[in-house]
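Q: I'm new to this one and would like to learn how to read it. Can we go through it feature by feature?

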Amino acid sequence: MRVIIVKNAEEVGKRAADLIEQEMKQHRNPVLGLATGSTPIPTYKELIRRCKKGKGMDFSTAITFNLDEYVGLPGTHDQSYRYFMNHQLFNHVNVNKKNTHVPNGMVRGMKAIQQSCDEYETMIDDVGGVDMQLLGIGGNGHIGFNEPGSSLGSMTRIKTLSLRTRKDNARFFKSMREVPRLAITMGIGTILKARKVVLLATGESKAQAVADSLEGPVSAMCPASALQLHRFATYVIDKGAASKLTLDTYEH
Ligand code: GLP
């Protein structure tokens with residue numbers, strides 16, 4: 001695995017934007033897997049800056065698939081991941097919104113939900129798969145909303161959020177009661193199908209999860225550890241997130 005350790009969150013954003021830009025330039029229709037959360041915000045800011053500067057950053061032919069969405073929040077809700085993506089990236093770059101995909105959290109009934117999840121997988125496959133998947137990491141090692149215990153072979157499906165994740169994300173909601181209990185998420189198997197994966201982490205609160213995922217065993221108890229099985233997985237992390245790593249072979 002490639003591990004790049006940089007000074008701070010801003011540098012993480014720049015290095016990640018470099019990787020995304022290089023990848024996009026290699027494809028006529030780049031297919032990007034995108035993530036939400038506070039960690040990728042500097043990356044999106046940098047992509048927007050490069051797009052506005054007209055320096056060759058071009059989203060007009062890009063196709064995007066987001067990792068996950070809360071169940072029960074419409075795209076107009078300010079805590080839905082569709083809303084996040086529109087406001088943090090899509091509204092500010094020349095992407096065609098029709099080519100941006102976020103799992104639908106508003107489907108009702110278990111059968112219909114699974115059908116819509118299967119359709120999400122088919123849509124990804126129909127465009128030839130994801131070229132580069134961007135990821136954050138939860139404090140408990142989750143990727144997307146694949147909580148500890150998730151099958152390493154899982155595909156897009158509905159998941160129950162752990163109390164830890166709900167508490168971590170409660171800061172974005174008015175109260176804990178409003179934090180959804182369920183989410184639709186790409187599976188770990190879906191993520192592993194992407195041709196390249198880039199995981200971002202910043203701050204000491206992520207240090208244990210980063211260390212477990214890179215230097216611990218591959219285990220469903222730390223979903224991000226599944227990336228050890230991927231041929232082209234890159235971590236771009238800051239010093240805080242790297243503070244519990246023990247090997248001295250990482251890139252600085
Ligand atoms: C949420 C998202 C994850 C994200 C995680 C970490 O649970 N579903 O995709 O990686 O939060 O968020 P943050 O970057 O805000 O720490």
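Predicted model: local features only at pLDDT ≥ 70, side-chain atom pairs only at ≥ 80, totals over all residues.

Q: Where is T100 placed?

A: T100 belongs to strand β5, residues 100–101.

Q: Is T100 buried or exposed?

A: Buried means under 20% relative accessible area, exposed over 50%, partly exposed in between (1.4 Å probe, protein chains only). T100 has 5% relative accessibility, so it counts as buried. R108, in the loop between β5 and α4 (110–126), counts as exposed because its value is 69%.

Q: Which residues is T100 in contact with, leaving aside neighbours within four places in sequence?

A: Contact means heavy atoms within 4.5 Å. T100 touches T64, R82, F90 and V95 in that sense.

Q: How do strands form a sheet?

A: They pair through backbone hydrogen bonds, either parallel or antiparallel. Two strands count as paired if DSSP finds at least two bridges between them. Here seven strands make an open sheet with parallel pairing, in the order β1-β10-β9-β6-β2-β3-β5. Its edge strands, β1 (2–6) and β5, each pair on one side only. The partner of β5 is β3 (residues 63–66), joined in the parallel sense over two bridges, and F65 stands opposite H101 in β5.

Definitions and conventions. Residues numbered from 1 in each chain as written. Heavy atoms only, no water. Helix = DSSP H or I, 4+ residues; strand = E, 2+ residues; numbered from the N terminus.
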